[in-house]
Amino acid sequence: MSRLAGAIEGARAKGRAAFIPYVTAGDPSLEATALFAKTLAAAGADILELGVPFTDPFADGPVNQSAAQRALLGGTTLNGILDAVTHMRASGLDIPIVLFTYFNPVLNMGRRDFCRLSRKAGVDGALIVDLPPEEADSYIEEARRSGLETVFLASPTTSPERLRLIDASSTGFVYYVSRLGVTGARENLSATLAEELNTVKGTVKAPVAVGFGISTPDQAREAAAHADAVVVGSALVKFARHDDVNKAAEMMNELASRMIAGLGLTPRPEV
Amino acid sequence: MKPGTGRYGDFGGMYAPETLMGPLTELDEAWRRIGSGPGFRAELDRWLTDYVGRPTPLTFAARLTGKLGGARIFLKREDLAHTGAHKINNTIGQVLLARKMGKTRVIAETGAGQHGVATATAAAAFGLECTVYMGEVDMQRQALNVFRMQLLGAEVKGVSSGSRTLKDAINEAMRDWVATVRNTHYVLGSALGPHPYPAMVRDFQSVIGREARGQVLNSTGRLPDLAVACVGGGSNAIGLFSAFLDDQSVALVGVEAGGEGTDTPRHAARFADGPTGGRPGVLHGTYTYLLQDADGQVRPTHSVSAGLDYPAVGPEHADLKARGRATYVSATDAEALDAFDALAVTEGILPALESAHAIAWAMKTAPSMKRDDILLVNLSGRGDKDVETVRAIKGKGHE
């Protein structure tokens, strides 16, 4: 079984949906990212999503945009992120890691090197936000060859035919965009989310993670009722802005713990 | 979508976020189905004639030709289209299509403000709601166009992220569109972005080349030897080139923004040779030449003209370059400003600073051509919007 699907299955065995936190790599530094990763894993996160900063994050809302900008100003590069992942693995971080990236940094590194070097560093999968399956043939081929799992997005505008294509192209899980729009916190979940998720669950074979706009434990619980995993990004990313990274990590721990508790589990003890 | 859809050789494609894949496919189908129908074409032609004022004239630049002493220079006068630039050809087409698709709102990005004005104009004429995204740097250098858009009933939203120029306005328009796509059409202003935009925008701008080809034939009895246009995203250029692609005797030249020179990093010449030039990459949904750093991050650009100040270029231009069918050169800020002055005093025409780049290259090249050669320049827009910018620059020069 895939490492990603395995982690989601592991959460299911504990009677809850998997919790997938997202942080922007290099915001405010890669050392801080390592601390956040360790903290979130200790809080009980099942999979970690690491955002690769890009100059033009047109699918992201203001919180993730400014996080990417801070990371780039600090000199964060894709190679640097992979080095940081290598260190995280060496220091015992064992939950699966998925890179969330725009396509150009991947293309610039080369599809083959991206897949190979990501795996070598200890990255388990990747989600490329502006690479739909229709354009992904050679990337998928390289990913399969090196053992990198491929996660694709589905959204409320995805047709049933494309949903099947997305399912066939995805390993690990399919990431469902909870509502039309960019990443970032929203007051309410979409009123039609439950119904949409039921349709998606009825079509795809892979586990379904839901994200975009989920920022509170209540929203996480509500979304989790119809999905296998919940992704929380901006609500955590906004803590990274705090002047004191230890304080930021504490706030991430607090929110992640409440989220996981809401999903039906008490936090695991510190590793 | 079939494999290879929207490809120009290796370039182009549909590198869009998932939420836009369905809507882009719908747009592609609507453009093919409704947009190619005789009813739609007749209606579009009526609007282009009765509202835009087409055909735009072809002007023989007699004094400029005489002064340079080489090829005969003809100007395709897109500056005389309603709103003062070629942008209206595309916005009328797209807004007409959006209305037939049942959309009630349109959004657009704008650099120089000409596309924003043209979208606001079409939206007003068809009774649609309109929001235009514009980088804050561009709002300053094109303040007059901001007010024009507001007068036309559009809401202008300043973009403060990134370099606060055209690319950031596109980012913000895409963010709006992913949230509002059910009732909103995104009127992308150039022949770039994900399929079907490069093909559709070229289609709506091809009227420039069709008219110009006929007009040159009519007034000289033959085809031009050279057709030149400025290239930001590349919509006026592809509109002009499209009519001549099969005429192998017609050399096609696109002029990019050389800014402070392509030996510096401060330019927007994606096709420039050497370490400061671009290389293939993906931005805003398309695979094309892109100004990027060693890590695949998009580089800041510079040009005196907001409309050329963009790090990527329409994918069909990348293919025309790869195939050697068109040549891409650049003109610096200083050369464009000189051309702006020269056209004003020799022909009584203030060109847009974007178009002045094409004029600059024509002025450099015409003297080395034969006297019976024909050089066709697309004068893509008028320079009224740039008067403040030019005055500020001249003011500085006199200090």
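Guide: A residue is called buried when its relative accessible area is under 20%, exposed when that area is over 50%, and partly exposed in between; the probe is 1.4 Å and only protein chains count. The model is a predicted one: local features need pLDDT of at least 70, side-chain atom pairs count only at pLDDT 80 or more, and totals for chains, interfaces and linings use all residues. Residues are numbered from 1 along each chain as its sequence is written, chains are lettered from A and ligands numbered from 1 in the order in which they are written, and side-chain values use heavy atoms, with hydrogens and water left out.

Start at B:S380. This serine sits in the loop between β14 (374–379) and α14 (387–397) of chain B. Helices (H or I, at least four residues) and strands (E, at least two) are DSSP runs, numbered from the N terminus. B:S380 is buried, because its relative accessibility is 4%. What does B:S380 contact, leaving aside its neighbours within four places in sequence? Taking contact as heavy atoms within 4.5 Å, the partners are B:E78, B:D79, B:G84, B:A85, B:H86, B:C230, B:N236 and B:S355.

Follow B:E78 next. A salt bridge here means a side-chain nitrogen of Lys or Arg within 4 Å of a carboxyl oxygen of Asp or Glu. B:E78 lies in the loop between β4 (72–77) and α4 (87–100), and B:R54 in the loop between α2 and β3 (58–60), so the pair ties together parts of chain B that are 24 residues apart in sequence. Both ends are shielded. B:E78 is buried at a relative accessible area of 0%, and B:R54 is buried at 5%.

Other salt bridges in chain B follow. B:R41 and B:D203 meet through their side chains, with 2.7 Å from N to O. B:R41 belongs to helix α2 (residues 38–52) and B:D203 to helix α9 (residues 197–220), so this pair ties together parts of chain B that are 162 residues apart in sequence. B:R41 is partly exposed, at 24% relative accessibility. B:R175 and B:E172 also pair by their side chains, at 2.6 Å from N to O. These two are 3 residues apart in helix α8 (residues 166–180) of chain B, which means about one helical turn separates them. B:R175 is buried at 7% relative accessibility, whereas B:E172 is partly exposed at 23%. Over in chain A, salt bridges with shared partners join A:R3, A:R89, A:R119 and A:D124 into one network. Over all chains, the search finds 44 salt bridges.

B:H185 is in strand β8 (residues 184–186) and is buried, with a relative accessible area of 2%. Its side chain makes a polar contact of 2.8 Å with the side chain of B:Q94. A polar contact is a pair of N or O atoms within 3.5 Å; within protein, one must be able to donate a hydrogen and the other to accept it, and residues adjacent in sequence count only if both atoms are side-chain atoms. Beyond four places in sequence, B:H185 touches several residues, among them B:L27, B:K103, B:W177 and B:Y197.

B:R141 is in helix α6 (residues 136–141) of chain B. A polar atom of the B:R141 side chain lies 3.0 Å from the backbone oxygen of B:S303. Setting aside residues up to four places away, B:R141 touches B:T165, B:S303, B:V304, B:A306, B:D309, B:K385 and B:T389. The C-alpha atoms of B:R141 and B:A392 are 9.9 Å apart, though 251 residues separate the two along the chain.

Now the partner chain. The contact takes 34 residues from chain A and 38 residues from chain B. About 2,900 Å² is buried between the two chains, and carbon and sulfur atoms give 51% of it. Buried area is the accessible area (1.4 Å probe) that two parts lose on being put together, summed over both. In chain A, A:D56, A:F58 and A:E135 lose the most area to chain B, together 23% of what that side buries. The rule finds 3 salt bridges across this interface. A:D56 forms a salt bridge with B:K167, with the closest N and O atoms 2.8 Å apart. On the chain A side, α3 (62–73), α5 (103–109), β5 (149–154) and α8 (160–169) each supply at least two residues. The largest share, 5 residues, comes from α5(A).
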